[in-house]
Structure formats: structure tokens, C-alpha cells
Amino acid sequence: MSHEAYICYDEKDKKVSDAIYRIFQENNISSWIKSVDMPSGGSVDKITNAIEQSKCFILIYSQNSKNTNYVITETDIAFSRDIPIVVFKIDE
């Protein structure tokens with residue numbers, strides 16, 4: 001199932017990602033977020049598939065996320081698939 005946005009974040013930034021997800025839902029913007037769509041873990045294939053089915057990739061960029069392997073990997077997947085990446089920088 002295709003959706004408008006994939007939200008990528010570090011677990012330490014969950015409050016921010018959840019707020020963005022909630023705003024998207026209130027405005028009828030379908031989105032995929034790990035905390036809702038895959039709350040008990042999951043496979044790399046499921047995450048890759050969710051990224052590939054997104055029209056854009058929302059990156060919550062922070063001191064927490066910038067060196068997190070899974071955030072880097074997810075961003076690489078979006079970049080390699082030519083999915084537009086929108087960056088929300090939430091700290092210095």
C-alpha cells in the first residue's frame with residue numbers, strides 16, 4: 001500500500017516524530033512510521049518496502065539521528081530510489 005510519507009527518526013526523537021505523524025494524520029496525509037506500523041520490531045524487507053512505497057521521505061535530523069546506523073541506512077535507501085527527502089532539523 002502506497003503512502004505519502006515515510007517518517008525516519010531515532011528512538012530518542014520519538015516525541016517529535018509522533019507529533020509530525022499526528023499532524024499528517026489530522027491533515028489526511030497518509031504516512032508510515034515505525035512506532036505505529038511496526039511497533040514490535042520487524043524485518044529490513046518491511047522497512048525497505050515501506051520506504052519504496054512512499055512519495056517522500058521525512059528525515060527527523062538531530063544529534064541523536066545523525067550517526068545512527070538504521071537512520072543512515074534508511075536514508076540511503078530513499079536516496080538510492082530517488083525518493084524526495086525532506087529534512088526536519090530539530091537541534092543544532
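Predicted model: local features only at pLDDT ≥ 70, side-chain atom pairs only at ≥ 80, totals over all residues.
Local features were considered at pLDDT of at least 70 and side-chain atom pairs only at pLDDT 80 or more, whereas totals for chains, interfaces and linings use all residues. Residues are numbered from 1 along each chain as its sequence is written, and side-chain values rest on heavy atoms, with hydrogens and water left out.

Rings of Phe, Tyr and Trp (for Trp, the six-membered ring) were paired if their centres lie within 6.5 Å, with planes under 30 degrees apart counted as stacked, over 60 as edge-to-face and the rest as tilted. By this rule there are two aromatic pairs. In one of them, Y6 and W32 are stacked, at 5.1 Å centre to centre and with 10° between the planes. Because Y6 belongs to strand β1 (residues 3-8) and W32 to strand β2 (residues 31-33), this pair ties together parts that are 26 residues apart in sequence; strands are here DSSP runs of E with at least two residues, numbered from the N terminus.

Y6 also pairs with F57, the ring centres being 5.5 Å apart and the planes at 10°, so that this pair is likewise stacked. It connects strand β1, which holds Y6, with strand β3 (residues 54-61), which holds F57, across 51 residues.

Elsewhere, K34 lies over the face of Y9, at 5.9 Å from the ring centre, where the criterion requires NZ of Lys within 6 Å of the ring centre and within 35 degrees of the ring normal.

Technical notes
Helix = DSSP H or I, 4+ residues; strand = E, 2+ residues; numbered from the N terminus.
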